[in-house]
Amino acid sequence: MKFFFTYDPDYALRLSPCPELDRPDGTRALAFLTPGLPLGLARVVLENARRQVRPNWLARCGLDGAVRRLGPAGRSGMEWSQREPRAAVLRALAASGLPAREWAWQEIRESRDLAPELLVKEEVFSTRVRGRQLSEGDLTRLGRELGLLEEDVLRLAELAVQSGAGEWVPALVRETAGWRCQRCGSKQVEEWPDDWGTAATCLSCTCLGSLTSRQALYRDRRRILVSSAFRFQPVGELNSAQAAAAEQLLDFMRGKESEALLWAACGAGKTEVCFPAIAWALSQGRAVLFAAPRQDVVHDVAPRLAAAFPGLSAPVLTGASSRRFAAGELVLATTHQVLRFHQAFEVIILDEMDAFPYAGGPMLAWGLQRALAPGGKILYLSATPAPEILQRARRGACRLIRLPARYHRRPLPVPRWVKLTMPWGAAGLSQCPPALAAELEKLVAHGPVLLFVPEIPWVERWVAVLRQTFPAWRIDGSWSADGDRQAKTARLRRGEYEIFITTSILERGVTIRGAQVLVLAADHAVFGLRGLVQMAGRAGRTADFPGGEVVFAADRRSRAVVEAIRWIEEQNRLAAAEGLLD
Amino acid sequence: MNSLLRSGWERLWRDRGLPEAKALARSLIYQDDRVCVLCGAAAGPLCVDCRKAYLHPELGRCSNCGKLIASSVSLCTDCQLGKGPRHLDRVAAWGHYAGLWKDFIWQVKFQGRPRLLASVGKDFALWALDRLPPADGVIPVPIHPERLAERGFNQAEVLASLLHWQLGLPLVEGLVRVRATPPQVKLNRQERLHNLRGAFQAARGSGLAGRSFWLVDDVITTGATLEACAEALRSAGAAEIYGLCLAAGMEKMLVGLEN
């Protein structure tokens with residue numbers, strides 16, 4: 001996208017991607033400079049031009065980056081000659097070190113009003129872009145959703161910028177040592193030579209489409225509006241433990257603290273506990289974002305929210321969503337989508353905050369802070385909070401709210417370690433070790449078994465071996481990239497398997513009635529403390545099957561195994577102490 | 001490619017550690033090249049499995065249009081029927097425009113990753129050296145200045161710059177795109193040929209007369225683009241023109257048998 005220097009006597013120098021466009025107040029540019037350049041470079045030149053204007057003509061750079069004539073100090077009504085600012089730009093360009101071009105100021109003889117059919121779409125456009133940060137690719141896509149041509153979407157965006165509702169931001173900005181992406185905050189870029197010198201492509205946020213330094217982002221300045229009439233109709237009642245936690249959450253919403261952690265046991269119903277607080281925030285006109293690390297988690301929560309908040313527009317934004325730019329006051333999104341918002345939400349609820357891809361991802365932490373409106377609140381939900389957040393809680397920087405018991409008031413199943421030496425070898429697995437077969441028989445008698453394995457290739461191997469060993473049972477498996485994953489998970493939920501083999505993709509969010517859990521090679525490096533706790537948490541979640549065995553099968557009791565067992569025992573102790581268990 | 005861009009890319013090849021023409025034999029494995037640039041899994045820059053799956057060393061190339069064909073024949077069925085380009089002396093295309101290879105080329109072109117070409121530059125240059133006779137220079141298929149202003153680079157030029165760097169072949173700005181054309185994708189063969197009529201002209205004063213050239217583009221499908229370029233070059237007196245691309249289609253009968 002090219003930006004052009006434009007000149008008009010009222011606003012002096014500005015940058016615009018469509019110079020011929022009339023402004024909302026009826027003024028228009030008189031001339032523009034060709035050729036256009038990427039915004040990042042143009043900004044630098046404009047700043048230099050501003051400095052070059054004679055010092056006794058005070059020039060001010062406004063919020064929109066325009067250089068305005070204020071007149072020499074003390075005198076008003078002086079006409080700034082038409083030549084002065086244009087000459088300043090040409091001098092700044094010459095001094096900038098940019099490659100030579102045939103710079104020429106073009107007069108604009110006729111400017112263009114927006115076509116009436118375009119004006120009609122302006123309001124819809126405005127609703128959709130509120131609080132958002134969109135790349136050129138995003139704008140094109142939004143255009144398609146609205147039935148607009150690419151150039152028309154850009155014109156609407158420029159109108160929004162002219163009215164102060166938004167601003168244009170260079171996609172990547174040079175810093176002292178390198179570049180910083182303005183969408184995701186990353187400094188990991190790939191540089192390459194272009195026709196203006198050096199360009200850079202961000203390597204971190206490619207999941208949202210590519211972004212280079214030649215491009216600009218549209219960043220809306222407004223918050224998301226909460227306007228629709230909705231009711232809060234909780235489905236079912238909160239138990240005493242949940243009610244206590246919900247009360248504390250309301251208190252947090254109303255108070256002055258900016259961060260809180262809800263540390264809940266697996267299956268304690270941490271999502272429903274948030275609903276009263278969400279209802280309150282929405283009633284106060286505060287937009288809410290519910291973010292989760294994976295699509296499954298988001299799709300698990302969406303229907304529950306829809307059931308509790310009938311009438312509320314609550315769009316679900318994931319990589320797979322067909323409508324990416326739906327407007328709404330309660331937005332559910334996978335964390336990457338968060339990078340498309342800018343100071344949009346007063347409340348952000350982050351589910352499963354310790355899960356991939358947060359862990360070790362400063363980009364997403366950065367994105368969340370960017371999506372939060374100033375003065376906004378972040379609520380973290382987790383059964384296995386990361387050490388950093390626990391430290392902040394201990395320091396008092398983050399409020400800690402605990403929910404250690406499941407709603408059926410039975411303790412969490414405590415995993416037991418079973419010694420199992422894995423049959424390694426290049427020949428691969430040929431048959432099921434008898435000790436494992438014995439355990440599986442015991443478990444299957446109680447309910448469907450979720451068998452967790454550390455690596456994707458293991459799934460198919462073990463499916464084959466176990467089918468051989470137990471021909472009467474229904475056995476299948478899945479992993480993250482499995483095309484049939486949705487269908488298989490649905491079948492699993494309906495209880496159609498005796499054994500289901502999976503990687504950690506199913507460790508969170510999923511509720512299977514009567515599930516028993518066996519973790520194979522629980523001492524494998526891939527299984528950390530938090531993963532093990534989450535896997536154990538798949539058992540005993542429903543009132544009709546509150547028990548459920550959890551077995552960690554491993555050669556030795558690794559540190560993660562020991563700590564996971566200790567963690568779960570501690571949750572049970574806390575719950576018992578608070579009278580939350582029967 | 002103007003001289004500023006040209007020197008910019010050469011500086012990048014040097015800084016990235018890409019071996020220069022003389023040092024082609026002794027080269028160190030660069031950081032980026034440790035994993036396969038296509039599948040990211042095994043040893044890079046192009047792992048054994050991906051080479052088999054996309055570069056098809058066991059298949060031949062139609063000498064007229066570069067399509068991947070059985071090694072027992074020298075022309076694809078279309079070219080045997082006279083449907084292919086006529087103004088090129090030979091064409092060589094490295095891989096099959098499908099799967100990860102197609103994704104890779106798409107990533108370079110549309111995701112602002114021209115630098116990725118460096119990962120395959122050395123192998124491509126060595127392969128080309130093997131398939132085509134030596135030439136006086138390498139000419140990239142140009143894109144319209146508007147397109148260049150949009151994207152900031154022409155992937156054919158970047159490839160040509162790589163070949164120049166690796167093999168010492170002079171990079172010749174032999175062609176100019178005088179007419180922007182709408183994308184070829186939705187057009188049939190006749191429409192594509194018509195689309196490109198008059199789109200290219202030989203650049204003045206580039207000393208083409210009596211010389212031989214490698215004409216480089218990223219992908220060849222019908223050959224209409226290379227054909228139109230070759231016509232323009234011949235009318236300026238070029239003697240021999242060899243087409244060279246990263247990818248081409250595959251003879252229909254072979255598709256599906258490749259695994």
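**Close-ups of a predicted two-chain model**

**View 1. Three strands of chain A make an open sheet in the order β7-β13-β8, with antiparallel pairing.** The edges belong to β7 (133-134) and β8 (166-170) of chain A; each has a single partner strand, so one side of each is left without a neighbour in the sheet. Strands here are DSSP runs of E of at least two residues, helices are runs of H or I of at least four, and both are numbered from the N terminus. Two strands count as paired if DSSP finds at least two bridges between them. β7(A) is joined to β13 (residues 216-220) of chain A by two bridges, and L134(A) stands opposite Y218(A) of β13(A). Helix α6 (residues 150-162) of chain A lies across β8 and β13 of chain A, at about 110 degrees to β8(A). Angles run from 0 to 180 degrees between N-to-C directions, with axes fitted to C-alpha atoms, for helices over the stretch in contact.

A word on the model: it is predicted, local features need pLDDT of at least 70, side-chain atom pairs count only at pLDDT 80 or more, and totals for chains, interfaces and linings use all residues. Residues are numbered from 1 along each chain as its sequence is written, chains are lettered from A and ligands numbered from 1 in the order written, and side-chain values use heavy atoms, leaving out hydrogens and water.

**View 2. Chain B has an open sheet of four strands, ordered β3-β8-β7-β4 and paired in parallel.** At the edges are β3 (90-96) and β4 (137-140) of chain B, each pairing on one side only. From one strand to the next, the twist averages 25 degrees. Helix α7 (residues 155-167) of chain B packs on this sheet and touches β4, β7 (212-220) and β8 of chain B (contact means heavy atoms within 4.5 Å). The direction of α7(B) makes about 135 degrees with that of β7(B). Six bridges hold the parallel pairing of β3(B) with β8 (residues 240-248) of chain B, and A92(B) has L244(B) as its bridge partner in β8(B).

View 3. W263(A) comes from strand β14 (residues 259-264) of chain A and W567(A) from helix α16 (residues 559-577) of chain A, 304 residues apart. W263(A) is buried at 8% relative accessible area, and W567(A) is buried at 12%. Buried means under 20%, exposed over 50%, and partly exposed in between, using a 1.4 Å probe and protein chains only. The charged end of R402(A) sits over the ring of W263(A), 3.8 Å from its centre; the rule asks for NZ of Lys or CZ of Arg within 6 Å of the ring centre and within 35 degrees of the ring normal.

**View 4. Two cysteines of chain B, C36(B) and C39(B), show up without a disulfide.** For C36(B), the nearest cysteine sulfur is that of C39(B), 3.7 Å away. For C39(B), the nearest is that of C50(B), at 3.6 Å. C36(B) is buried, with a relative accessible area of 2%, while C39(B) is partly exposed at 34%.

Notes: Disulfide = S-S within 2.5 Å.
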